[in-house]
Every structure is written in C-alpha cells, then in structure tokens.
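Reader: Hi, I've just opened this one and could use a quick tour. Can you walk me through it?

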Amino acid sequence: MRRILDAIGNTPLVELGHLVPRDSARIIVKLESSNPTGSMKDRVARAMIEAAVADGRLRPGGTVVEYTGGSTGISLGLICAALGYKAHFVTSDAFSDEKLDTMRAYGAELTIIASEQRKITGQLIRAMMARAEELSRQPGHWLCDQVNNRDGEAGYHAMGEEMWTQAGGRVDAFVQAVGSAHSIHGASHALRRHNPRLHVVAVEPAESPVLAGKAPGSHKIEGIGIGFVPALWRREEVNEMDAVSTAEANAMARRLAREEAIFGGTSSGANVVAALRVAKRLGAGATVGTIIVDTGLRYLSTDLLGAKNSN
C-alpha cells in the first residue's frame, strides 16, 4: 500500500496543441499540479525535510519553521502532517487567501507579515526571512530556510528525468521561472545529462528583473521574483534570461485554461509566455519543455481571472 508521500512525482507530460504556431517548436509541459498538494513544491519540501531528518537537524516531535509565499509552506505542511512534525510558517497578505487557508488546513501555525498593497518585494521577503529566523531559535525548532537550503535542488532531479523520458528523449530547451532557483537548476541538471547542449531559459517578473542585473520592483507573480538574487542562483548554468510581466502571465494563464484546458497559476502562465518565444525562435522540429508549476485553484481570490477578481 502506498503512502501519501509516494504520490509525489511521476506527473503527466502533455504537449500544447492550440497555443503554439505551426512553424514553432513543440512545447511540452509537466503538469506539476498533479502532485498531492497541486504543486511542484511537494518535491522540494520532501527533499529538504528528509535530508534534515537523516542528519538529525530535525528530530522527532520537532517544529519546522519556514518563510513562504505559500506553495512551499503548503508542501511542507503536507510532509509535516504525514510524518508527525509541527509547522510554523511566516507568510504575508501579499499571497492568496487560498494558500494561507491551505497551510492552516494541514495544521500549520501562521505568522502574517503585512505587505504594501499586497505586492511582493524584496523588502517583504527579507522581513519574512528575519521573522522566521527569530522563531527558529526556540527549542525543538528547525529553520528550513529554502533560499539557502542546498538540499532542495535534488528534489527536482527526478522532474528533469521524467520530462526527458516522457518527451521521447528529445528536449532542446528548458524554460522555468525562478524563485529560490532550486527547480531550474535541479531539472536542467538532469536534462543536461542527456543533452549537454540543452538551452536553459530563466524567467523572472518584468517588474523586478534582478537576475538580469536590473533594479528590483514590486509584482504579483507569486512564487518567483523574490526581489534579490537568490543565494543558490548559478548564472553560468543558464543560457538566457527572459522577463514576463504580471499582466502577461495572468493573461496566458487564462488562455491556457480556455484554449488548452490546463488551469495553472500565474507563474505557469509566465513559463508558457517565455516558452512560446523560445519555440518561435527554434522553429519546427525542436522541443521546448516547461512547467505548469501549480494549480490555478489556489489563486481564485487574486486577479488571475481578470479585473473583476482583483484584490
């Protein structure tokens, strides 16, 4: 009999059939919304907690502390509930109500940091990080610290391996939005073992293109664009950077739902915007892979579906 954690991974891969012009490369997407919490973050959460348990940093009955925009917190909440750990997460009203409520559903205690007009900025993320560090000083508490946690990247090796196998052994370019940088480096590491010439494209918010060396700003693409260069980012492993605005990402998420019957979140929309640009440049015969990061169901309280739903 399988446990809930055994359901993480081995997600479906599908090819986009309507959004891609005939003279463009094919675009394949991993449906990470098929993971137990509806997000690829189940992979990284399991990897980080299992590593901490293995080396004794997280002990039986302990409390996992983390700063989170919601998705990693939800996934950590799942792992904690399954393995019997407590959870205390620092988050913000900048993130969707669905995310906050889902973390609570898994039993997590939340500390909420107020944002400025519900926008994501580097200052907000740093404030969340600082508060989580304070909380972790309590006895029996372990700070996951995803932005600096090197154990997370290995959680995405399987995602890259799965993509290669499911694509029939052909992936020419990989496109992925960047938050902590675990997923882009982990998946591309696996893909490059099969195709050393893989072209890797990092996606970030146009309003805050810090990876490209430009000024930070505020945006509403949850899960990416933390407002500063993440500690584990390795520029030398990425061939190209692309910037996608919040408006473009939301519009593409709506198109994905209506034209491809794939309902993903805003960062998934950003991935597909960038993937379409790469596919046009590479042309027919090539294959571009990207990720449907999570389900759009956790963004219904945001402006994902249009102005009438705006916060």
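**Overall shape and helix H3**

Author: With 311 residues, a compact globule would have a radius of gyration near 19 Å, and the chain agrees with that at 18 Å. That radius is taken over C-alpha atoms, and the globule rule is 2.2 Å times the number of residues to the power 0.38. This is a predicted model, where local features need pLDDT of at least 70, side-chain atom pairs count only at pLDDT 80 or more, and totals for chains, interfaces and linings use all residues. Residues are numbered from 1 along each chain as its sequence is written, and side-chain values use heavy atoms, leaving out hydrogens and water.

Reader: How many helices and strands are in the chain?

Author: The chain has eight helices and ten strands, counted as DSSP runs (H or I, at least four residues; E, at least two) and numbered from the N terminus.

Reader: OK, what percentage of the residues count as buried?

Author: 58% of the 311 residues do; buried means under 20% relative accessible area with a 1.4 Å probe, protein chains only.

Reader: Which residues of helix H3 are buried?

Author: In H3, residues 97–105, they are Glu98, Lys99, Leu100 and Met103.

Reader: And what covers them?

Author: The cover includes helix H2 (71–83), strand E4 (86–92) and strand E5 (109–113).

Reader: What happens just after H3?

Author: Glycine 107 takes a positive phi of about 100 degrees there.

Reader: New topic: how big a box do the C-alpha atoms fill?

Author: Roughly 60 × 45 × 35 Å, along the principal axes.

Notes: Buried < 20%, exposed > 50% of the residue type's maximum accessible area, 1.4 Å probe, protein only. Contact = heavy atoms within 4.5 Å.
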